[in-house]
Amino acid sequence: MSRKTLLRAAVAAGAAVPLLATGGVALARDAARSLDGRTLTPTPYCDDGDDLTPDQMEGPYFKPNSPLRTNLVTPGTPGTPLTVSGYVFGRNCVPLSGVLLDFWQADDNGDYDMAGYTFRGHQFTDATGAFALKTIVPGLYPGRTRHIHVKVQAPGEPILTTQLYFPGEPRNSTDMIFDPALLMNVRGAGGGKEGTFDFVLNVDGGTWTSGHAYTSGDRVTYGGRSYRCLQAHTSMTGWEPPNVPALWQPES
């Protein structure tokens with residue numbers, strides 16, 4: 001099932017589908033409702049409408065060797081709390097595990113810490129290709145709209161350097177670097193905000209795909225390994241070969 005299919009089902013069921021400030025449809029997992037009105041379990045979907053994530057300039061404030069952490073906020077840190085979450089896919093729509101994401105951003109005043117590692121940190125996607133970052137909404141500095149920098153690298157693959165943006169920002173229309181393809185879906189969450197964004201990298205995540213009917217003896221690749229199907233089944237997200245040894249036997 002693709003994002004478009006899921007969104008069509010949500011609309012048919014009368015669900016409220018959130019829109020980005022630009023008029024684009026938000027992520028399917030943020031919008032979908034089941035036919036009885038209950039929220040579906042958040043699930044990543046990918047289809048041929050999801051282009052590769054575009055790259056952007058690194059800028060002057062990157063520092064290597066950031067600490068491994070998913071929370072960039074310390075007690076008493078000023079600013080609006082923000083959680084950014086999503087998934088990393090390969091070009092064939094397979095979620096990628098073990099992908100490095102290195103984030104850096106300005107503080108609430110629009111300043112970057114060049115002496116230490118405030119609002120800098122790296123993490124890795126989990127077995128489902130998911131990531132989550134706790135931070136704050138970055139402040140503004142001259143010439144730029146609000147943004148978060150990130151480097152994304154699948155194991156053994158080239159680095160994607162890019163930036164994430166916020167919908168509805170007045171400076172989006174005047175920032176010469178701004179790219180609407182890099183807009184997060186952002187919504188209020190209590191006293192803070194939640195942002196979602198899925199990266200699609202120009203790498204081969206393997207031949208295994210969700211929603212495919214496999215038969216016993218079929219062979220796939222996933223995460224750099226080969227697997228043989230042990231039982232006929234229709235695959236679904238969460239049943240990636242490493243996660244279900246009853247269905248898949250590793251061959252390499």
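In strand β12, the bridge partner of V220 is Y227. That pair belongs to one of the two open sheets described here; strands, like helices, are DSSP runs numbered from the N terminus (E, at least two residues, for strands; H or I, at least four residues, for helices). The model is predicted, and local features need pLDDT of at least 70, side-chain atom pairs count only at pLDDT 80 or more, while totals for chains, interfaces and linings use all residues. Residues are numbered from 1 along each chain as its sequence is written, and side-chain values use heavy atoms, with hydrogens and water left out.

**The three-stranded sheet**

- This open sheet has the order β11-β12-β14, and its pairing is antiparallel; two strands count as paired if DSSP finds at least two bridges between them.
- Its edge strands are β11 (219-222) and β14 (248-250), each of which pairs on one side only.
- On average, neighbouring strands of this sheet are turned by 35 degrees against each other, direction ignored; the axes are lines fitted to C-alpha atoms, for helices over the stretch in contact, and angles run from 0 to 180 degrees between N-to-C directions.
- β11 and β12 (residues 225-229) run antiparallel and are joined by four bridges.

**The four-stranded sheet**

- A further open sheet, with antiparallel pairing, has the order β3-β2-β5-β6.
- β3 (120-124) and β6 (160-165) each have a single partner strand, so one side of each is left without a neighbour in the sheet.
- Within β5, K151 is the bridge partner of D102.
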